[in-house]
Amino acid sequence: MSEAEHPTPAPPAGEQLHLPGPSIKPFMTAIAITLIVIGTTITWGLSIAGGILLIVCLVRWIGDTRRDIAALPEEHRH
């Protein structure tokens with residue numbers, strides 16, 4: 001039998017994959033951007049509300065990401 005018939009075994013699994021948990025922040029960010037766009041044609045109040053919502057969502061989303069990165073093992077930080 002040739003080597004092509006017997007593939008080499010896969011290496012053992014390494015470390016665990018890190019996936020972020022579920023979050024509503026991307027959805028809320030999309031709603032905020034939609035409010036900004038709709039507000040430019042209807043009323044500036046909607047744009048202002050969307051802008052405030054966008055800033056709040058982005059600040060919280062970035063904070064969550066920073067905490068996730070800080071929880072990673074030291075050799076994975078850049």
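Close-up 1. V56 counts as partly exposed at 44% relative accessibility, where partly exposed lies between buried (under 20% relative accessible area) and exposed (over 50%), computed with a 1.4 Å probe and protein chains only. The model is predicted: local features need pLDDT of at least 70, side-chain atom pairs count only at pLDDT 80 or more, and totals for chains, interfaces and linings use all residues. Residues are numbered from 1 along each chain as its sequence is written, and side-chain values use heavy atoms, with hydrogens and water left out. V56 is found in helix α2; helices (H or I, at least four residues) and strands (E, at least two) are DSSP runs numbered from the N terminus. Together with W44, I48 and I52, V56 makes a nonpolar surface patch of about 460 Å². Patches consist of residues with over 30% relative accessible area and no salt bridge, with nonpolar side chains (Val, Leu, Ile, Met, Phe, Trp, Tyr) joined within 5 Å and like charges within 9 Å. Accessible areas come from the Shrake-Rupley method with a 1.4 Å probe, and for residues only the protein chains shown count as cover.

Close-up 2. G39 is found in helix α1 (residues 25–41), and G50 has its place in helix α2. G39 is buried, with a relative accessible area of 1%; G50 is buried at 0%. The C-alpha atoms of G39 and G50 are separated by 8.1 Å, and the two residues are 11 apart along the chain. From G50 to V37 the C-alpha distance is 8.6 Å, at 13 residues apart in sequence.

Close-up 3. A salt bridge is a side-chain nitrogen of Lys or Arg within 4 Å of a carboxyl oxygen of Asp or Glu. By this rule the count comes to two. One joins the side chains of D64 and K25, at 2.7 Å from N to O. D64 lies in helix α2 and K25 in helix α1, so this pair ties together parts that are 39 residues apart in sequence. The side chains of D64 and R67 also meet in a salt bridge, at 2.3 Å from N to O. D64 and R67 both lie in helix α2, three residues apart, about one turn of the helix. In relative accessibility, K25 is buried at 16%, D64 is partly exposed at 23% and R67 is exposed at 53%.

Close-up 4. About 190 Å³ of space lies in the largest pocket. On a 1 Å grid over the protein atoms alone, a pocket is an open set of points with protein on both sides within 12 Å along at least five of seven lines, whereas a cavity is a set where a 1.4 Å probe fits but cannot get out; lining residues have an atom within 4 Å of a point. Grid points are joined across faces, edges and corners, and a volume is the space filled by probe spheres set on the points. The lining residues include H18, P20, K25, W61, D64 and D68. Helix α2 (residues 44–70) supplies the largest share of the lining, five residues. By class, the lining divides into five nonpolar, four polar and three charged residues; Ala, Val, Leu, Ile, Met, Phe, Trp, Tyr, Cys and Pro count as nonpolar, Asp, Glu, Lys and Arg as charged, and the others, Gly among them, as polar.

**Close-up 5. D68 and P20.** D68 lies in helix α2 and is partly exposed, at 31% relative accessibility. D68 and P20 are 48 residues apart in sequence, with 7.4 Å between their C-alpha atoms.
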